[in-house]
Amino acid sequence: EHDQDREHHHDHKDCSGKGCEHEDHDHNHSNGHDHEHDRLIGSISITYEGSVALFKLDNFFAAIMNEFGDQLYRYKGVISVAGRDQPFVFNGVHMNFEGSFISNWAEKEPRISRFCLIGRELDRKFVEERFDECKTKDLRFKVGDAVQVNVDDQFVSGKVDCIWDEDCTYRIKLDIPDEDGDVVWAPDDTDQYIRSFSSRPNNSAMDAPVAKKHKVN
């Protein structure tokens, strides 16, 4: 829950007209511009029972900052990130963003993502659509499935070794290791990164982005 605080110095209490001695009261309503400004300030609160992909959450924050800029006054939230036992907590003022993972979720605590934005002329539809893009969906592959993964602009064969590891959707163990080892990470569950073993006879990855890659220790 979030209570939006607004500074509003104009007090109409006991200001009924001719007899009013309130020094700030303007009976000609010359402060209409301030009232209009107040009406443009609002808040957007989002609640989602589920988790999001971390790299997509980064894209969400970037989109919000780029879209609203100085119109964004304050924001805060707690987000459930797939593959993480800790909630991601963030807050900020204007473009000054702070966020980090904190202590683990409590046992049996529902993983509910909540956040609130306060600002001027914020577009709720834009916020909802961008956040929807972060939400995790049912994955196509399970541990042990034979797949092809995009490495160095070529699809190579391997098996899904883990789901939601290193903030990526899949960890894949390659059938034939290369100079960097035998494990790669696919950040998203799309054919750009990972596909069914028999989905395409052509081994070329075309212009698809490569899977996140690490050396095996």
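Mentor: Let's begin with a term: a salt bridge is a side-chain nitrogen of Lys or Arg within 4 Å of a carboxyl oxygen of Asp or Glu. This is a predicted model, where local features need pLDDT of at least 70 and side-chain atom pairs count only at pLDDT 80 or more, while totals for chains, interfaces and linings use all residues. Residues are numbered from 1 along each chain as its sequence is written, and side-chain values use heavy atoms, with hydrogens and water left out.

Trainee: OK, how many salt bridges does a search of the whole structure find?
Mentor: Twelve. One of them pairs Asp 85 with Arg 111, with the closest N and O atoms 3.5 Å apart.

Trainee: Where do Asp 85 and Arg 111 sit in the chain?
Mentor: Asp 85 is in the loop between β2 (72-79) and β3, and Arg 111 is in the loop between β4 and β5. They're 26 residues apart, so the pair links distant parts of the chain. Those labels come from DSSP runs: helices are H or I with at least four residues, strands are E with at least two, and numbering starts at the N terminus.

Trainee: Switching topic: what's the phi of Glu 121?
Mentor: About 55°, a positive value although Glu 121 is not a glycine. Most residues other than glycine have a negative phi. Glu 121 is in the loop between β5 (112-120) and α3 (124-132), and it is partly exposed at 46%. It also has a salt bridge with Arg 120, with the closest N and O atoms 3.5 Å apart.

Trainee: What about His 94, where does that lie?
Mentor: In the loop between β3 (88-93) and β4 (96-101).

Trainee: Now strands. Which strand does β6 join by six bridges?
Mentor: β7 (residues 154-165), and the two run antiparallel. Strands pair if DSSP finds at least two bridges between them. Ala 146 stands opposite Lys 159 in β7. The two strands form a hairpin with two residues between them, and Asp 152 in that turn has a positive phi of about 55°.

Trainee: Why is β6 largely enclosed by the rest of the structure?
Mentor: Because five of its six residues (146-151) are buried. β6 also pairs with β10 in the antiparallel sense over three bridges, and Val 149 has Ile 194 as its bridge partner there.

Trainee: Last one: what does Asp 188 contact?
Mentor: Beyond neighbours within four places in sequence, Asp 188 is in contact (heavy atoms within 4.5 Å) with Phe 55, Lys 56, Thr 169, Tyr 193 and Ile 194. Asp 188 lies in the loop between β9 (181-186) and β10 (194-196), and it counts as buried at 16%.

Conventions: Buried means under 20% relative accessible area, exposed over 50%, partly exposed in between (1.4 Å probe, protein chains only).
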